[in-house]
Amino acid sequence: MTEGTTTAAAESGDTLTRLEQEGEIAADYLEGLLDIADLDGDIDMDVEADRAAVSIVSESARELQKLVGRDGEVLEALQELTRLAVHRETGDRSRLMLDIAGFRAKKREELAALGAQAAADVKASGEPLKLAPMTPFERKVVHDAVAAAGLKSESEGEEPQRFVVVLPA
């Protein structure tokens with residue numbers, strides 16, 4: 001191994017360790033929240049796309065819907081609170097992703113299909129297509145789906161009315 005390869009491997013290991021630590025801190029915070037709310041749920045941790053990913057799952061997903069809220073509004077707020085808890089412990093900004101009762105996973109599938117369909121429509125028409133306003137998470141999934149379909153997209157507008165525009169080739 002060369003010195004550069006060794007350094008890159010060490011940095012990769014350091015990053016994984018840091019992300020695993022973020023997941024542990026987030027899990028502890030969320031377990032406390034579940035206890036306070038008197039809700040049952042198991043916490044799964046992973047590292048996906050250079051982010052800590054934490055999921056709360058339960059056999060009774062209906063009970064966890066309180067933590068998702070309408071259109072994921074409560075989930076978004078809990079994600080930000082969890083990121084703040086991680087920041088308080090580590091001093092570093094966290095990009096942690098939180099999923100509750102599979103809400104975000106299901107949303108990701110729907111948005112990927114929307115992005116693929118939008119790309120197909122733009123390929124057929126040759127005209128740019130503006131989509132409805134979305135959260136940063138939603139826009140990222142759509143951008144990835146459009147790129148996978150071989151087109152480019154960009155975000156326009158100001159939060160909370162920021163939206164994706166799918167561009168022709």
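**Helix packing and ring contacts in a predicted model**

Helices α2 and α3 are roughly perpendicular to each other, a label given to angles of 65 to 115 degrees. This is a predicted model, in which local features need pLDDT of at least 70 and side-chain atom pairs count only at pLDDT 80 or more, whereas totals for chains, interfaces and linings use all residues. Residues are numbered from 1 along each chain as its sequence is written, and side-chain values use heavy atoms, with hydrogens and water left out.

**Helices α2 and α3**

- Helix α2 (residues 61–68) packs against helix α3 (residues 73–90) at an angle of about 70 degrees, their axes being 6 Å apart.
- The contact (heavy atoms within 4.5 Å) involves K66, L67 and V68 of α2 together with E73, V74, L75 and L78 of α3.

**Helices α4 and α5**

- The axes of helix α4 (residues 103–125) and helix α5 (residues 136–148) come within 8 Å and cross at roughly 45 degrees.
- On the α4 side the contact is made by R104, K107, R108, L111, A112, L114, G115 and A116, and on the α5 side by F137, E138, V141, V142, A145 and V146.

**Rings**

- R104 lies over the face of F137, at 4.7 Å from the ring centre, where the criterion for Arg is CZ within 6 Å of the ring centre and within 35 degrees of the ring normal.
- A search of the whole structure finds 0 aromatic pairs, counting rings of Phe, Tyr and Trp (its six-membered ring) whose centres lie within 6.5 Å.

Methods
Axes are lines fitted to C-alpha atoms, for helices over the stretch in contact, and angles run from 0 to 180 degrees between N-to-C directions. Helices (H or I, at least four residues) and strands (E, at least two) are DSSP runs, numbered from the N terminus. Rings of Phe, Tyr and Trp (its six-membered ring) pair if their centres lie within 6.5 Å; planes under 30 degrees apart count as stacked, over 60 as edge-to-face and the rest as tilted. Angles under 35 degrees count as roughly parallel, over 145 as roughly antiparallel, 65 to 115 as roughly perpendicular and the rest as oblique.
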